[in-house]
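Please work through each task before reading its solution.

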Amino acid sequence: MSSVRFVLLSLCSALLLRAALGADPLFHFCATSGNFTAGSPYESNLNKLTGFLYATTPSSSGGFGYSSIGQYQDQVYGLALCRGDTSPSDCKACVADAGAEIRRRCPPNKGAIIWYDDCMFKYLNTNFFGQIDNANRFYMWNLNNMSDPEAFNSKVRGLLTGLVEEAYTASMLYATGEMGLEDKTKLYGLVQCTRDLTAAECKECLEGAMGELPSCCDGKGGGRVVGGSCNFRYEIYPFVNV
Ligand SMILES: *[C@@H]1O[C@H](CO)[C@@H](O)[C@H](O)[C@H]1NC(C)=O
Ligand SMILES: *[C@@H]1O[C@H](CO)[C@@H](O)[C@H](O)[C@H]1NC(C)=O
């Protein structure tokens with residue numbers, strides 16, 4: 001019993017230390033599905049789930065973990081996903097940051113989601129596995145405007161369409177690629193889904209995200225549509241680790 005407690009305490013200090021040193025989150029949402037109180041069984045299940053995802057996501061599950069802990073009104077569902085090119089150690093660091101930081105940002109909420117460059121972390125008091133998350137979504141874009149926006153948009157669409165086709169049939173539900181532009185520069189892209197989705201759901205999710213291209217990234221030299229179940233990113237510089 002005392003050894004179990006020791007492990008949990010070391011995990012907590014590791015989480016706090018990482019959060020003090022780590023990268024900044026891109027964005028977060030606190031869910032409105034209810035609040036829990038400090039010391040409640042829900043909080044205890046959420047802590048266990050966070051520890052479980054921290055321990056399993058990076059290595060044993062290849063950058064994706066999902067699980068549920070507890071019963072009835074105390075049951076919590078959660079997942080963590082690292083970007084497909086993240087090393088196990090960077091993935092672990094990111095999941096640690098995410099699991100600690102989201103609790104600071106949404107302390108009473110029974111559900112929340114947070115995104116970093118390297119990972120996302122989500123939990124909720126209802127079963128959301130296998131459902132495309134259309135509620136939690138944000139955009140990011142590069143401020144630079146391309147000189148020929150229509151031609152550039154069509155290149156972006158072409159690259160991402162190809163990557164969606166590749167990703168949804170891949171076991172990781174992840175694909176990256178590049179495409180040459182006229183002036184010897186290149187366009188780089190990445191698409192990824194959480195792996196609680198089926199292949200067909202992944203395709204549907206990414207096509208939905210691509211439908212946001214005109215509102216998010218029209219003629220912009222870089223952009224991302226980032227959701228709870230899938231995301232894409234493109235840039236005119238290499239950003240994927242190889
Ligand atoms: C949850 O807590 C927040 C902040 O304390 C409060 O504004 C909100 O009304 C609460 N929600 C519910 C469902 O109790
Ligand atoms: C890009 O275009 C938008 C809208 O026309 C404009 O507001 C913005 O300042 C431009 N950005 C740059 C970096 O020139």
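**Exercise 1.** In what order do the five strands form the open sheet, and is the pairing parallel or antiparallel?

*Solution.* The model is predicted, with local features requiring pLDDT of at least 70 and side-chain atom pairs pLDDT 80 or more, whereas totals for chains, interfaces and linings use all residues. Residues are numbered from 1 along each chain as its sequence is written, chains are lettered from A and ligands numbered from 1 in written order, and side-chain values use heavy atoms, without hydrogens and water.

Step 1: the order is E6-E9-E10-E8-E7, with antiparallel pairing (strands are DSSP runs of E, at least two residues, and helices runs of H or I, at least four, numbered from the N terminus; pairing needs at least two DSSP bridges).

Step 2: E6 (137-141) and E7 (174-180) are at the edges with a single partner strand each, so one side of each lacks a neighbour in the sheet.

Step 3: from one strand to the next, the twist averages 10°.

**Exercise 2.** Determine how H4 and H5 pack.

*Solution.* Step 1: H4 (residues 149-168) and H5 (residues 199-210) pack at about 165°, their axes 9 Å apart (axes are lines fitted to C-alpha atoms, for helices over the stretch in contact; angles run from 0 to 180 degrees between N-to-C directions).

Step 1: the two helices are therefore roughly antiparallel (over 145 degrees).

**Exercise 3.** Locate each helix relative to the sheet.

*Solution.* H4 lies across E7, E8 (186-193) and E10, at about 145° to E7 (contact means heavy atoms within 4.5 Å). H5 lies across E6, E8, E9 and E10, at about 50° to E10.

Terms used: Parallel < 35°, antiparallel > 145°, perpendicular 65-115°, else oblique.
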